[in-house]
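This briefing concerns one protein chain and is arranged by topic. Please consult the sequence and the structure shown here while reading.

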Amino acid sequence: MTQTLEHPTGTPGPGPAPADRRARAWFAAFEDALTQRDTHRAAGMFAATSFWRDLVAFTWNITTVEDPAGVEDLLESTVAGVDPSRFELAEPAEEADGVVTAWFTFETAVGRGRGLARLREEDGQDRAWTFLTALHELKGHEEPRGTRRAMGAEHGADPDRTTWLEARRAEDEAMGTTLQPYVLVVGGGQGGIALGARLRQLGVPALVIDKHERPGDQWRHRYKSLCLHDPVWYDHLPYLEFPDNWPVFAPKDKIGDWLEMYTRVMEVPYWSSTTATSASYDEQAGGWRVEIERDGSPVTLRPTHLVMATGMSGKPNVPVVPGQDVFRGEQHHSSAHPGPDAYAGKRCVVIGSNNSAFDICGALWEHGADVTMVQRSSTHIVKSASLMEHGLGDLYSERALEAGMTTEKADLVFASLPYRIMHEFQIPAYEKMAEVDADFYERLEKAGFRHDWGDDGSGLFMKYLRRGSGYYIDVGSAELVADGEVKLAHGQVDHLTEDTVVLEDGTELPADLVVYATGYGSMNGWAADLISQEVADRVGKVWGLGSDTTKDPGPWEGEQRNMWKPTQQPHLWFHGGNLHQSRHYSLYLALQLKARHAGLDTPTYHLQEVHHLC
């Protein structure tokens, strides 16, 4: 999924010396207050309306606090143990529209971090408006990069030499028998693989398991027309970026092959054809007992930490509809759709109007099927080209690269805008898209399609963060609906007959195939299946911000619920999202796990509360 985020202060040019001096003065005063443990003075350096987002560095959590009172509470709880120091500008500060933007580095008692601050003048003083701190590495546990990289070859003569291949085979044979993984990652898609690669580089014994035969099969086994809707610059995995001749929108099988190659090259310990069947937590031992089947044989694993990397969408929502047992045609959820080849000339009814529904409708139409889309609620659609130009272009594009915007830097800019105010910067971008593509939207709505721009006009990415549904990035199939090539019906399904789908208003849709493109539930549904409903309820809902908008009930939480951070169930973690999130947030999850593996003290500030069970 993509985020529409322009730089919140515009596109500033080279910063004048005064901006640099102001930033340096602010950080010097801030560090002095922290050194003196004067949390009240430090909090007073934040604007009346302000936001501090911390990615693990201060809180051993992913959390955002607001306003000076929130900052003071965070510092009161953390500053003594964190012992922050060495705040330094990483590059000259810049000023635009009354905001000083400053990249900085810092250290804590156990790590090194990076951050981005935006300062505004308030009451004659520079005060922080937004403040991002992100842990980058742990002291004494740095990744083997640059001058720390492994030698690889062992020069000299050694009769007891063990080759790289022999060492890898010995490790593979020991895993699950004489060697237990410290971290077990359930799910070997892009999320699990990215985390596995991070943990490998940090020296954490980990194992990724997946039910499919080969890494990448999660993509290969989807409907054949599937491709990424996010552009290549947004989708790199850690360590290995896609080559610069990689297509902008990668086909699913190409992504599958890349993931398989990546798993091998990054030496991710990975068991395919492996299914976790049950898991239980031993509080006394402080670890898990996980029963699995590997190639049909039972194996018991005893990891300390369990990571559910089964996809942010959770379990497929397959509706129970009267008449499903008498319907004579074929019916399946979109996640199990094999592709369009077998349905030429067939009457196909697709229930739903989001990404998968549009993709499947388009592919079926291309193969000569008679296709009807059933829209149950309004959907937001954005043209792919417009999203790339007016949304992602400043951070993830060729022009961003030419301007010196690296992927790592873009990710931090991306992370630096607090969710509380993100919609304010999204709305103008979507207003521009509405203007540019006005003809398209007019034709779409004239065809009867019920379109929306989100509860507050903030568009696609806020819908993604809040509810994970209700949108489509148009790569062509919406034109088929606008032109009437794919027929449109509205309403909920009442029942099925032997050969029709009957809606609540009595509309009958003849069908040989019914595809339920009805979305997914919360990720804690996987925990309920593998562990217990009690544990799933203890964790609560996964995903969403608490925005009190459609399908994202309040209260406000300010971060993705239970994602990439400690949960109310000890030693249980959730990891997932799109390729961007798998890349970026795998770092912070891996650092949290490495800190625990290394025996560091990791007191969690504001452990995730539970307000909703699913």
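In which helix does Thr 263 lie? Thr 263 lies in helix α7, residues 252-265; helices here are DSSP runs of H or I of at least four residues, strands are runs of E of at least two, and both are numbered from the N terminus. The model is predicted, with local features requiring pLDDT of at least 70 and side-chain atom pairs counted only at pLDDT 80 or more, while totals for chains, interfaces and linings use all residues. Residues are numbered from 1 along each chain as its sequence is written, and side-chain values use heavy atoms, with hydrogens and water left out.

**Overall architecture**

- The protein chain contains 18 helices and 25 strands.
- Its radius of gyration, taken over C-alpha atoms, is 25 Å, close to the 25 Å that the globule rule (2.2 Å times the number of residues to the power 0.38) gives for 614 residues, so the chain is as compact as a globular protein of that length.
- Along the principal axes, the C-alpha atoms of the protein chain fill a box of roughly 75 × 70 × 45 Å.
- Of the 614 residues in the protein chain, 55% are buried; buried means under 20% relative accessible area, exposed over 50%, and partly exposed in between, with a 1.4 Å probe and protein chains only.
- Among contacts (heavy atoms within 4.5 Å) between residues at least 6 apart in sequence, 68% join residues at least 24 apart.

**Surroundings of Thr 263**

- Thr 263 has 5% relative accessibility and therefore counts as buried.
- Apart from neighbours within four places in sequence, Thr 263 is in contact with Ile 193, Pro 215, Val 268 and Tyr 270.

**Packing of α5 against α18**

- The axes of helix α5 (residues 190-201) and helix α18 (residues 579-597) come within 8 Å and cross at roughly 40°; axes are lines fitted to C-alpha atoms, for helices over the stretch in contact, and angles run from 0 to 180 degrees between N-to-C directions.
- The two helices α5 and α18 are therefore oblique to each other, given that angles under 35 degrees count as roughly parallel, over 145 as roughly antiparallel, 65 to 115 as roughly perpendicular and the rest as oblique.
- On the α5 side, the contact comprises Gln 190, Gly 191, Ala 194, Leu 195, Arg 198 and Leu 199; among their partners in α18 are Leu 579, Arg 583, His 584, Leu 587 and Leu 593.
- The residues of this contact divide into 8 nonpolar, 5 polar and 2 charged; Ala, Val, Leu, Ile, Met, Phe, Trp, Tyr, Cys and Pro count as nonpolar, Asp, Glu, Lys and Arg as charged, and the others, Gly among them, as polar.

**Lys 594 in α18**

- Lys 594 lies in helix α18 and, at 8% relative accessibility, counts as buried.
- Leaving aside neighbours within four places in sequence, Lys 594 is in contact with Leu 138, His 141, Leu 202, Gly 203 and Val 204.
- Lys 594 and Met 433 are 161 residues apart along the chain, and their C-alpha atoms are separated by 43 Å.

**Backbone features**

- The peptide bond from Gly 554 to Pro 555 is cis, with omega near 5°, and Pro 555 lies in the loop between α17 (533-539) and β25 (572-574).
- Trp 564 lies in the loop between α17 and β25; its phi is near 65°, a positive value in a residue other than glycine.
- Trp 564 is buried, with a relative accessible area of 1%.
- Asp 67, in helix α3 (residues 67-82), has a positive phi of about 65° although it is not a glycine.
- Asp 67 is partly exposed, with a relative accessible area of 26%.
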